Amino acid sequence: MDSQMPPSDVTPLEEFMREGSKKSELVHRNPDCTDPPYLKVGDPVFNVPLLPTTLCDVCRSIRFLPLSELSDREILKARTCYPDQTLWAFNRILFSFHQPSLEALYKSSEDGCHCCILIWKNAFAEQDFSPFEFCAHDPIILDHSLGMKEVVWQPGWFPGNGNYMGIHHAGKEYGWAQLRFLQVPNPMTRILQNNANRPSSVLQNLRLAKRWLATCWVNHPKCLQVRIPLMPTRVIDVGPSDGSRSPRLCTPYVQTRYLTLSHCWGPYQIATTTTANFDDRCKSIPMESYQKPFKMPFLLRGNSGCDRYIWIDSLCIIQDSTEDWAKESAKMCAVYKNALFTIAASRASSGNDGLFTSEKPILHTPCLLSQYGFSTKGGNQFHIHLTCDPEPRDLGFLKNDLKGPLYDRAWVLQEEKLSHATLAFTETGMTWECSYSMVTSQDPEGMDDNLRQDYLKYAIKLGDRHSRMPSVLRKERDDFKAQNPTYDERMLKTQFTSKRTNIYQEWSDTVELYLLRKITHPSDRLPALSVLAEATKEVLSDRFSQEKYVGGMWLYDLARQLVWTTSVTHFHSRKHMHLHQKRALENLPKKRRSRPPELCKAPTWSWASMHETLVSWGMHYWGGWGGDWIKLLLGKTEWTPGSSNPYGNLSSAALCVEGMLLSVFVIGKDDPYLYDITPAHLRETPPGEEPPKFVKVGKLILDEEKSLEGLRDGEMGRAIVELMPVISNEDGDQNIDYKWHVTCLALVKTGLGDGRFRRVGLGLVRDLDYFHDVDRREIVLV
């Protein structure tokens, strides 16, 4: 493999980094698609002729034609692909007849045709064919529908960016699949051809990553690090580009840019720094002592154009020093936020796995169709490529749920959220994500960027601040109303959510995702999220007020934070539903929903009190829920951190609120409903009288999978539960037969004194009238 780039006095990225700190005006993307002048000057592949394509004769002649250009026999074959299609829609489809049989397609893919490889792999590779089907002369048919703005086909037609190409085996029900068209500029095309024509190498992947970083710096104003940030306490100096000195651990004496590495430790021993080898690490770290993910930054020294420093947790933190770990782990927020970008070894499950996939890169590289192309008004050339269609869960906001063993680890979530930018090595190539875009080896120009939405992640990256000042919130609402003049007050109430509320909801979504990941020690649930909590607090705090964070919860959004549930049947959060399904398919041993006192590091009203248990807020659409049911009494609320980390585990916590308590009872474990307590229920039924009827109030969802025996009332023989209403939706939904209106905390007395309660679950109440005559009182939750 190549490990060095051709010699050059100044690499393109070095030029970008030098120019970036000097520029006061940045070049942005423009409708003409012209490349910035810096890209033209510095990019070594800007006007280099394209390499010969790795296409067979059939793929070189792919041309999409309307029905009017096809023979009668071809039209009959094409019609078999769409037997139920209307005539109008069928007439708007363009067709191209590909290989004459499956056998010919397979043979061409084996001979190395890039396009045939993509078609075979995506449509037919996983099918079982009989010898007759494999050899039958039924053609492979490709199709593409005209766009909504395209009235008729023109001779100079070319596919639009992001449009789909269907794949059919004429007359067969199997084999249907899709590929997508990409419009790619000439420099990127040249880079992609390197990956398609030669074996994978550090050089080729580096060139693609450099292009992404250069585009990020030129076109994304807030991605540019004009001021060099503070350095970590220790970094790895990878040494000069000529390799004349070995890497070593050092304390930086100047401020410069650096990278970070996110990796899985795995079950095997990896290179670490300890008190015993600290002095040796400061002198030299021999290359043979590095695991495969660690070697990537050192192979790139002098070739990436980046400064030569990198931060790796296992080497830059003294692992057997509790004091050093506590001090340095508290700085991780700044370490990842200030890094130029993070290298994520996402496909490596341990130090024995490398960064790059063992599969051929051609399988995940867009295929150039050189017969199609166009030039812009600025003179830039664009080429048409075919690429794999992203899986549904990779689109939109789900696109941020990256795949690989690395992203199964709970500790990595905060690294993923906090990094200024991330270069991830996955099973399907590389992924680059910054504050503005997300691009992949299969989508190198970021076709789906506009589908992403992660308020918390990008607020942290962009340094946003969302105040809770009433004037700021009113302005947000007025601006939203001005943008939607047809909305009445009812629509505004359900459709408008402030930026601050979006951050709170995104935090809850993040917790859901976090709890789906694996963590070795359950007691680390809060510490492993503490760095992200610190960064989120910066977003939610300003000079007007400082946000309060206790046990994984934000006190200034207390009502909605409290209504988490552990009942899987009530999970409706579509954002991570595919991960719930994936976890179910893995046949992992079912975890019992429990709250062991000896393992409890958080109060019962916090989701962190549950032991190895998933939680969800997905049953509530935040924009439509609210109400003034509870009031936080901050002056009487007390909490004590369990360590020097204020965002970690708690020694004790008592949340004081003002609210209502409605006493109800539960009949038994098999009856999940809540019933009203009336005076008739408290007296003994005289002989001959019918016992009073139970009035159903709502439904109980327990946090723990255990009976209510410990909650039995001696006089009634049934479990007494106190309902404290928290949020409500007064409008309901007429389209649903049964709609809960009020969500309550289900509480029981602790026995430690009047007014102190612990949470046992949620109560879902169907009617507001039950609380009309209930007085407000001071309640302490522990």
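A salt bridge is taken here as a side-chain nitrogen of Lys or Arg lying within 4 Å of a carboxyl oxygen of Asp or Glu. In this predicted model, Glu658 and Arg776 form such a salt bridge, their closest N and O atoms being 3.3 Å apart. Because Glu658 belongs to strand S19 (residues 650-660) and Arg776 to strand S26 (residues 776-781), the pair ties together parts that are 118 residues apart in sequence. Glu658 is partly exposed, with a relative accessible area of 29%, and Arg776 is likewise partly exposed, at 36%.

Asp57 is exposed, at 63% relative accessibility, whereas Arg60 is partly exposed, at 39%. In helix H18 (residues 470-483), Asp479 and Lys475 are four residues apart and therefore also separated by about one helical turn, and their side chains form a salt bridge with an N to O distance of 3.0 Å. Here Asp479 is partly exposed, with a relative accessible area of 34%, while Lys475 is exposed, at 54%.

Helix packing is illustrated by helix H17 (residues 455-462) and helix H21 (residues 530-540), whose axes are 10 Å apart and meet at an angle of about 75°, so that H17 is roughly perpendicular to H21. Leu456, Ala459 and Ile460 of H17 make the contact with Leu532, Ala535, Thr536 and Val539 of H21; by class, six of the residues in this contact are nonpolar, one is polar and none is charged.

Strand S8 (residues 309-312) directs Tyr309 and Trp311 one way and Ile310 and Ile312 the other way, all of these residues being buried. S8 pairs in the antiparallel sense with strand S5 (residues 235-237) over two bridges, and runs parallel to strand S7 (residues 258-262), to which four bridges join it. Ile310 of S8 is the bridge partner of Ile236 and also of Leu259.

His98 counts as buried because its relative accessibility, 7%, is under 20%. Neighbours within four places in sequence aside, His98 is in contact with Val58, Cys59, Ile62, Leu105, Cys116, Ile119, Ile140 and Leu142.

How values were computed
Residues numbered from 1 in each chain as written. Predicted model: local features only at pLDDT ≥ 70, side-chain atom pairs only at ≥ 80, totals over all residues. Heavy atoms only, no water. Buried < 20%, exposed > 50% of the residue type's maximum accessible area, 1.4 Å probe, protein only. Contact = heavy atoms within 4.5 Å. Pairing = 2+ DSSP bridges. Axes fitted to C-alpha atoms, helices over the stretch in contact; angles between N-to-C directions. Parallel < 35°, antiparallel > 145°, perpendicular 65-115°, else oblique. Nonpolar A, V, L, I, M, F, W, Y, C, P; charged D, E, K, R; others polar.
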